[in-house]
Amino acid sequence: MRIQKVVALLVVVSALTLAGTASAQNYSTDARKIAMGGNGGDSANIAAGMVEKGSPYTAIVIPLGLIQIFQDGTDRFNPSKKSAFDPVRAVEDIANPLHYTFGRGTTTSTGGQTFVTDIRAAKVNTNLLAYKGFRIPTTATAEGLASPTIGGTIKLFKAGNSFQGVYVGVGPYLGFNTNVTVDQKLVDLLGNGTAAACSPCNVTDTSEVQLAGSATVGYRGKLALGGSKRDGLYVAYNYHFLKGFQYYGPLTSTTNNLAVRIDTDANGQLLTPPVGTIPVSVSTLEAKDGTGHASDMGFEVVKGFWEFGFGVNGIGNQIEWTGFKQRSLTLTSLTTGADFVDASGPSAVTSRIVKLPVVKTGNLGFHTSSWGGAGSLTDGYNGKSFNGGLERRVGPLWLRGGGRKSRGKWDPTYGFGIGNKIGLDFGFYGTHANLENKRQNAMAVSIRFNHKAK
């Protein structure tokens, strides 16, 4: 069971890293926002969510992705099912679980699927050219946070269109950071079939994963600026009490969670590594008790059709973890079908404080009875990113389009919505949620409630 858990963890880490990180669209439950470039998400200005877009609405996702994933069974997620375990397909499924992906499971090359599965089963082909076509990067870094909050505002003081209130909410708080490196000679061999002597070719990964919950209290206020009831200065603040349930990380700040050693000759043939070396080793430090805190704040100004704002999320973000255990797994051969050897035990580490980046977001938008637009620029996880889009009402339809740039890649978005008080929204977008980081097309569908006609 320990081996299965750790291997499953590595699948998750691979999904978040080599799949270009789990983007906002992949986990968003609002197809309207997805169609307009993925505006919003967990790194958004929290004050922007206070502004009525004609009327507030609730979006409930129709999880076509989960239906697509589970219709083929779940054995591919189970490392103990050697014949059915498919970590490459699992990477795609974990990185984009909610929405329907066109061609899911077919993007990564056959060589890539076989190579990853063969390492897990310790049945690597001695001719590594058999895996030709598996294109992976030499380095990949990713970090992120999924922290959707479900809650509401209790308005304590009201005066006209102004109010002061207290916000209360709860939700998950799932953070990660990871860094993968692959030897260039191995990348060339697997990708293009360019063989060269490499002893050793190394693959390493260093990652931290935090699974926690958040209880949130905060302030919500609006100062009316005249004009329509939407016009005003909106101010928001959240304080998150964090309770950690599971932590995975490296043994020390200088060690890797995963180390794979592959030795080849000049013809791409697998060599037996030197005596005393370990082809695959997995080392993790684990804890199940953490406490921490974080704060978010933002403001939004609305006047007429226009609105703009700025937010800062993750101020003072940290969780202190205690009660550690250490796990060390090794695979002594890549070719004999051996299983991992477990040498786990207690850890001398008593506590560890893990911090995540502060995220800064600026946003600009406009809304009329028949047009709408929004865009935001974010600096935080994975550097700078941009998303934006437009919507246009045509009779009972809302037509939408936009795009998103993250980690140096542009992905288009588009979609449409039907209905006003109760609507059905479709959002189509490009995603790189696969091991070889190729673009796929995905579709999000959500039901929109209480969105009154504009």
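This is a short chat about a few features of a predicted model.

Visitor: How many disulfides are there?
Guide: The count comes to one disulfide. Cys 198 and Cys 201 form it.

Visitor: What is a disulfide, in general?
Guide: A disulfide is a covalent bond between the sulfur atoms of two cysteines.

Visitor: How far apart are the sulfur atoms of Cys 198 and Cys 201?
Guide: They are 1.9 Å apart. The angle about the S-S bond is 125°, and the link is right-handed.

Visitor: Is Cys 198 buried or exposed? And why?
Guide: Buried. Cys 198 has a relative accessibility of 3%, and buried means under 20%.

Visitor: What about Cys 201, buried or exposed?
Guide: Cys 201 is buried too, with a relative accessible area of 2%.

Visitor: Next topic. Which peptide bond is cis?
Guide: The one from Ser 199 to Pro 200 is cis. Its omega is near 10°.

Visitor: Where is Pro 200 found?
Guide: Pro 200 is in strand β6, which covers residues 198-224.

Visitor: Now the surface. Which residues make the nonpolar patch?
Guide: Tyr 219, Val 235, Phe 299, Phe 305, Trp 306, Phe 308, Phe 310 and Leu 364 make it. The patch is about 780 Å².

Visitor: Which strand gives the largest share of the patch?
Guide: Strand β10, residues 306-331, gives three residues. Phe 310 lies in strand β10.

Visitor: How is Phe 310 classed, and why?
Guide: Phe 310 is partly exposed, because its relative accessible area is 36%.

Notes: Residues are numbered from 1 along each chain as its sequence is written. This is a predicted model: local features need pLDDT of at least 70, side-chain atom pairs count only at pLDDT 80 or more; totals for chains, interfaces and linings use all residues. Side-chain values use heavy atoms; hydrogens and water are left out. Patches are made of residues with over 30% relative accessible area and no salt bridge: like charges are joined within 9 Å, nonpolar side chains (Val, Leu, Ile, Met, Phe, Trp, Tyr) within 5 Å. Accessible areas come from the Shrake-Rupley method with a 1.4 Å probe; for residues, only the protein chains shown count as cover. A salt bridge is a side-chain nitrogen of Lys or Arg within 4 Å of a carboxyl oxygen of Asp or Glu. Helices (H or I, at least four residues) and strands (E, at least two) are DSSP runs, numbered from the N terminus. Buried means under 20% relative accessible area, exposed over 50%, partly exposed in between (1.4 Å probe, protein chains only). A disulfide is a pair of cysteine sulfur atoms within 2.5 Å.
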